[in-house]
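Subject: The structure we talked about

Hi,

Here is the model, with the sequence alongside. Have a look at it first, and then read on for what turned up.

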Amino acid sequence: MRVKKRSKHRKAVKFYATCFGFREPYKVLIDGTFVHHLLTQRLLPADEALRDLLSASRTPALFTSKCILAELRRLGKSHAESFDAAQLLTTTKCEHDKVVGAVNCVQSLIGDKNPEHFFVATQDPGLRENLREIPGVPVIYGLKNSLCIERPSMQQRKFAQLDEEKRLNMDISEYKKLLKAASEGKTIASENGSGEEQHEMPISSLVKNALHVTDKTKFKRNKAKVIFIAIGISCYAIDYTMFII
């Protein structure tokens, strides 16, 4: 089962790397609920546990925010250890003049497209549900004494598929336009002529030129062997004449 889980996690990471451009070293945005889970389950050191989860060759960078820290502080003694641990993480800058809730802060940092390519680590079910609606946001959560990556949601898969189809359709449409232009018999002016003399190019040539495809090099027949044979015949004729004489 452990091998199957690792395989699923690798597939999830590969999906976000392929479709949304995630690259190492990965960045993980951690909220207070996840920090508390790491400590209670003793999944330490946190960076090594997350590196193993992501099958990363480099240690991921762990981030929090001032709003998340403020929320942990307000929870008092029950979360004092979590607050101290969270202070050791890198604090990413959020654009809140006044402190807001951790959920709102995380959502504002992610935005509509997750431009910083954050993995979001949280135990908050409401936040996890909201993040599933945003393309390109991998979610990490804890399950007892282990860590997991959510499978890409249906919305994220559809977005990636539509984006890929859009790119493919754009290429096909451009190719069709090129064929249409070629079929209309467009001509190009001769570089050496006056501009009035034009040479019509076949469709295949126009397509190849537009796609930057050059014709295969046409090799000329090597005449060295022919010359060598001719010289050999002449020498043989001379020797034969001398033999007769």
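R157 sits in helix α8 (residues 154-183); helices here are DSSP runs of H or I with at least four residues, strands are E runs of at least two, and both are numbered from the N terminus.

A word on the basis: this is a predicted model, where local features need pLDDT of at least 70 and side-chain atom pairs count only at pLDDT 80 or more, while totals for chains, interfaces and linings use all residues. Residues are numbered from 1 along each chain as its sequence is written, and side-chain values use heavy atoms, leaving out hydrogens and water.

**Charge on the surface**

R157 belongs to a surface patch of positive charge together with K4, K5, K8, K11 and R151. Patch members have over 30% relative accessible area and no salt bridge, and like charges are joined within 9 Å. Helix α1 (residues 2-20) supplies the largest share of the patch, 4 residues.

**The sheet**

An open sheet of 6 strands runs in the order β3-β2-β1-β4-β5-β6, with mixed pairing. Its edge strands, β3 (90-91) and β6 (146-149), each pair on one side only. Two strands pair if DSSP finds at least two bridges between them.

- β1 (residues 27-30) and β4 run parallel, joined by 4 bridges; K27 has F118 as its bridge partner in β4.
- β4 and β5 (residues 139-143) are also parallel, with 2 bridges; V120 is partnered by V139 in β5.
- β5 and β6 run antiparallel with 4 bridges, and G142 stands opposite L147 in β6.

In β4 (residues 118-121), F118 and V120 point one way and F119 and A121 the other, and all are buried.

**Backbone details to look at**

Most residues other than glycine have a negative phi, and most peptide bonds are trans. The bond from E24 to P25 is cis, with omega near -5 degrees, and P25 lies in the loop between α1 and β1. Another cis bond joins L44 and P45, with omega about -10 degrees.

K144, not a glycine, has a positive phi of about 55 degrees. It lies in the loop between β5 and β6 and counts as exposed at 66% relative accessibility.

Best wishes

Conventions. Patches are made of residues with over 30% relative accessible area and no salt bridge: like charges are joined within 9 Å, nonpolar side chains (Val, Leu, Ile, Met, Phe, Trp, Tyr) within 5 Å. Accessible areas come from the Shrake-Rupley method with a 1.4 Å probe; for residues, only the protein chains shown count as cover. A salt bridge is a side-chain nitrogen of Lys or Arg within 4 Å of a carboxyl oxygen of Asp or Glu. Lys and Arg count as positive and Asp and Glu as negative; His and the chain ends are not counted. The place of a charge is taken as NZ of Lys, CZ of Arg, CG of Asp or CD of Glu. Buried means under 20% relative accessible area, exposed over 50%, partly exposed in between (1.4 Å probe, protein chains only).
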